[in-house]
Amino acid sequence: MFIAGDDFMDYKYLLESILKHLDEGILVVDTNANVTFYNEPATNIAGITENEALGKNILDIFPDLTFETSTFYSVLKTKEPVIDYVQTYMNYQGKKVSTLTSTIPLMKDNDIIGALEIYRDLTQVKELSEKIMLLQKELFKREVNDKSFKGNGTIYTIDDIIGASNIIAKLKEKVLKIADSSSPVLIYGETGTGKELLVQALHNAGKMRRNKPFIAQNCAALPKYLLESILFGTSSGSFTGAKDKPGLFELADGGTLFLDEINSMDIELQGKLLRVLQDGVIRRIGGTKTTTVDVRIVASTNEPPLNIVEKKILREDLYYRLNVISLIIPSLRERKEDIPVLVEYFIKLYNDKLAKNIKRVSPEVMQIFTRYDWPGNTRELKYAIESIMNFIDGDTIEKEDVPAHISSSSKQLKEITQKKNLDEENTSLDEALEQYEVTLIEKA
């Protein structure tokens, strides 16, 4: 590190300024696990002041921990770091907290002189995850009169896949053909194409699983260790504060488990998922008992699967196991003939929700919609219609009602097309043939 000018600032002041604004807490202990440095963020995770912490043994600060469960003692003993470890314990004030910790050995001349731990609060995230699990479990048990709720954790069926294009018709045919299969499915679709809608439709199209639970989990939403405990469950005593809790594999037994953004799952955890796919057997974290589960795994990615395999983000062996059945959801720009159908559907939807009476869109607006590329796909179109209908007073959507970024983008595309057509008019036969060849190659 280099700081220009000796008088600019000293390292101690710089370090103090950085530590003051960190959201993470920092603890440093010596070889006896006595605290030599302590910095606590405003969240007060540990529940102790700096003066109280210095000189104390780590087990005196956190009496709920033991030699076996403390990451500090583990690191001091093994000299190996423990990265992104989820701990739940009582802090100094007796408050139950959950933290994501990374504990690193401090080495000097190949000798360990202490350990450094960086931790951040996960209490709210963990509580929210547990509430979601309980809610999913309760939703499956509930019997409600709402027709949009299927009683198995889903709201969509094959009829909710809207579109009149051949590509959508073929996708629906595939879904119906594989509905009663137990083979894993890998779905690729850009953000906003409706991956979960498709998976719910697949679940409800089958006779064998539609009366069983459907559970979805976004793999990018949680840290590795927390995701692992949610998927596989925990056994009492596996870590401080752990209880006997079933994971999503057990909760989805007989039904479907949808793992969204599988490319965000940790590589090591991907290996454990592969074993479940091969054997159909799971073991809770910290447990010794194995349980056989009958769960259909459906995974999705918003990047081309082979690309993420090449980048080593997705294990190659897991890719081959998941890709037994492959479904590709087309982007909206690949099926622009569906835009009028979708517009009509969303207008009807928001007429009911917003108490409006929109009857049509002007031809100019439909032209804007079909020229626009919709990078956010069907989701972007849906919320664009919702935005327009919140402000409109008449019964027709006109050009001035369309959001500026959509209308301006469509105008630029029109100008580019017109220029290209003009250029083509002044092109020789040989040049025109060459351009046509390039176009065919690009399409292929």
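Q: What share of the contacts between residues at least 6 apart in sequence joins residues at least 24 apart?
A: The share is 68%, where contact means heavy atoms within 4.5 Å. The model is predicted, so local features need pLDDT of at least 70 and side-chain atom pairs count only at pLDDT 80 or more, whereas totals for chains, interfaces and linings use all residues. Residues are numbered from 1 along each chain as its sequence is written, and side-chain values use heavy atoms, with hydrogens and water left out.

Q: What percentage of the protein counts as buried?
A: Of its 444 residues, 42% are buried, a term for under 20% relative accessible area, with exposed over 50% and partly exposed in between (1.4 Å probe, protein chains only).

Q: How many helices and strands are there?
A: There are 17 helices and 16 strands. Both are DSSP runs numbered from the N terminus, helices being H or I of at least four residues and strands E of at least two.

Q: What makes strand 7 and strand 14 edge strands?
A: The open sheet has 5 strands in the order 7-10-13-6-14, with parallel pairing. Strand 7 (214-218) and strand 14 (325-328) each have a single partner strand, so one side of each is left without a neighbour in the sheet. From one strand to the next, the twist averages 20°.

Q: Why are strand 10 and strand 13 called paired?
A: Pairing requires that DSSP find at least two bridges between two strands. Strand 10 and strand 13 have 4 bridges, in the parallel sense, and therefore meet the requirement. Phenylalanine 258, for instance, has valine 298 in strand 13 as its bridge partner.

Q: Which strands does helix 7 touch as it packs on the sheet?
A: Helix 7 touches strand 6, strand 7, strand 10, strand 13 and strand 14, and its direction makes about 165° with that of strand 10. Axes here are lines fitted to C-alpha atoms, for helices over the stretch in contact, and angles run from 0 to 180 degrees between N-to-C directions.

Q: How many cavities of 30 Å³ or more are found, and what lines the largest cavity?
A: The search finds 2. The largest cavity, of about 60 Å³, is lined by Ile58, Phe62, Leu65, Ser70, Thr71, Phe72, Gln87, Tyr89 and Glu117. This lining divides into 5 nonpolar, 3 polar and 1 charged; Ala, Val, Leu, Ile, Met, Phe, Trp, Tyr, Cys and Pro count as nonpolar, Asp, Glu, Lys and Arg as charged, and the others, Gly among them, as polar.

Q: Which element gives the most to the lining of the second largest cavity?
A: Helix 7 does, with 3 residues. The volume of the second largest cavity is about 40 Å³, and its lining includes Val199, Leu202 and His203.

Notes: On a 1 Å grid over the protein atoms alone, a cavity is a set of points where a 1.4 Å probe fits but cannot get out, and a pocket is an open set with protein on both sides within 12 Å along at least five of seven lines; lining residues have an atom within 4 Å of a point. Grid points are joined across faces, edges and corners, and a volume is the space filled by probe spheres set on the points.
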